[in-house]
Amino acid sequence: MAKDYNSPDNINNLSPVGYRFFVENLPNTTWFITSVNIPGISLGEVNQSTPFMQTQVPGNDLVYDPLNVTFLVDEDLQNWRELYDWMNGLGFPNEYDEYKAQKADQIYSDATLTILNSHMNANYRIILKDLFPTNISEILFDSASSDITPIQATATFRYLTYSYEKV
């Protein structure tokens, strides 16, 4: 006799183009984003000895992978400059006013990744708390290229935690 399996209520696949991403400190970057990831997480394990063998039990600490965002660079470098200025103010400002502005207002930012359903309506939100940039990729100019392709840059962020909610 065949086993009765429950079929899922929704058989639509998640679309790789069905998303919106917004970082509060980067308002000019949102429209140009071409890719973003939901970061992976891992849970550590602890070795526990028994009289027969060593086993592993779940640990206490979650480790969050970095968030990576790729975006098209606009011709005024406005979105790239947002990131550059944020990182420069955090890491090595040139003058006190630049340091003061960054430290007071923009050390961290929250971000939201909205995942859309097959009808392109908001389905879930991934909320990242206390986000800050750790890396921005190079911008390569290449006059030997035969195709004119838009210039992209990638930014890497760290954050405190993230959660999800059904919309």
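Predicted model: local features only at pLDDT ≥ 70, side-chain atom pairs only at ≥ 80, totals over all residues.
Is Phe132 buried, partly exposed or exposed? Phe132 is partly exposed, with a relative accessible area of 29%; here buried stands for under 20% relative accessible area, exposed for over 50%, and partly exposed for what lies in between, using a 1.4 Å probe and protein chains only.

Residues are numbered from 1 along each chain as its sequence is written, and side-chain values use heavy atoms, with hydrogens and water left out.

**View 1**
β3 (residues 41-49) pairs with strand β4 (residues 54-64) in the antiparallel sense, over 8 bridges. Strands (E, at least two residues) and helices (H or I, at least four) are DSSP runs, numbered from the N terminus. Two strands are said to pair if DSSP finds at least two bridges between them.

**View 1. Ile41, Leu43 and Leu62 make a nonpolar surface patch.**
The patch made by these three residues covers about 270 Å². Patches are built from residues with over 30% relative accessible area and no salt bridge, joining like charges within 9 Å and nonpolar side chains (Val, Leu, Ile, Met, Phe, Trp, Tyr) within 5 Å. Accessible areas come from the Shrake-Rupley method with a 1.4 Å probe, and for residues only the protein chains shown count as cover. Leu43 belongs to strand β3 and is partly exposed, at a relative accessible area of 46%.

**View 2. Strand β5 pairs with β2 and with β8.**
Strand β2 (residues 33-36) runs antiparallel to strand β5 (residues 67-72), with 3 bridges between them. In this pairing, look for Val36 and its bridge partner in β5, Val69. β5 also pairs in the antiparallel sense with strand β8 (residues 152-158), over 6 bridges. Here Thr70 has Thr154 of β8 as its bridge partner.

Across the whole structure, 8 aromatic pairs are found. Rings of Phe, Tyr and Trp (its six-membered ring) pair if their centres lie within 6.5 Å; planes under 30 degrees apart count as stacked, over 60 as edge-to-face and the rest as tilted. Trp31 and Phe32 form an edge-to-face pair, 5.1 Å centre to centre with 80° between the planes. Trp31 is exposed at 72% relative accessible area, whereas Phe32 is partly exposed at 21%. Tyr108 and Phe132 also make an edge-to-face pair, because their planes stand at 75° with the ring centres 6.0 Å apart. That pair links distant parts of the chain: Tyr108 sits in the loop between α2 (96-105) and β6, and Phe132 in strand β7, 24 residues apart. Tyr108 is partly exposed, with 45% relative accessibility. Elsewhere, Tyr64, Tyr159 and Tyr162 form one aromatic cluster.

The whole structure holds 2 salt bridges, a term for a side-chain nitrogen of Lys or Arg within 4 Å of a carboxyl oxygen of Asp or Glu. In the salt bridge of Lys129 with Asp110, the closest N and O atoms are 3.4 Å apart. Lys129 is in strand β7 and Asp110 in strand β6, so this pair ties together parts that are 19 residues apart in sequence. Lys129 is partly exposed at 37%, and Asp110 is partly exposed at 22%. Glu165 and Arg125 form a salt bridge too, their closest N and O atoms being 3.2 Å apart. Glu165 lies in strand β9 (residues 161-166) and Arg125 in strand β7, 40 residues apart.

Met120 is a residue other than glycine with a positive phi, near 65°. Met120 lies in the loop between β6 (109-116) and β7 (122-136). Asp130, found in strand β7, likewise has a positive phi, near 55°. Met120 is partly exposed at 45% relative accessibility, and Asp130 is partly exposed at 31%.
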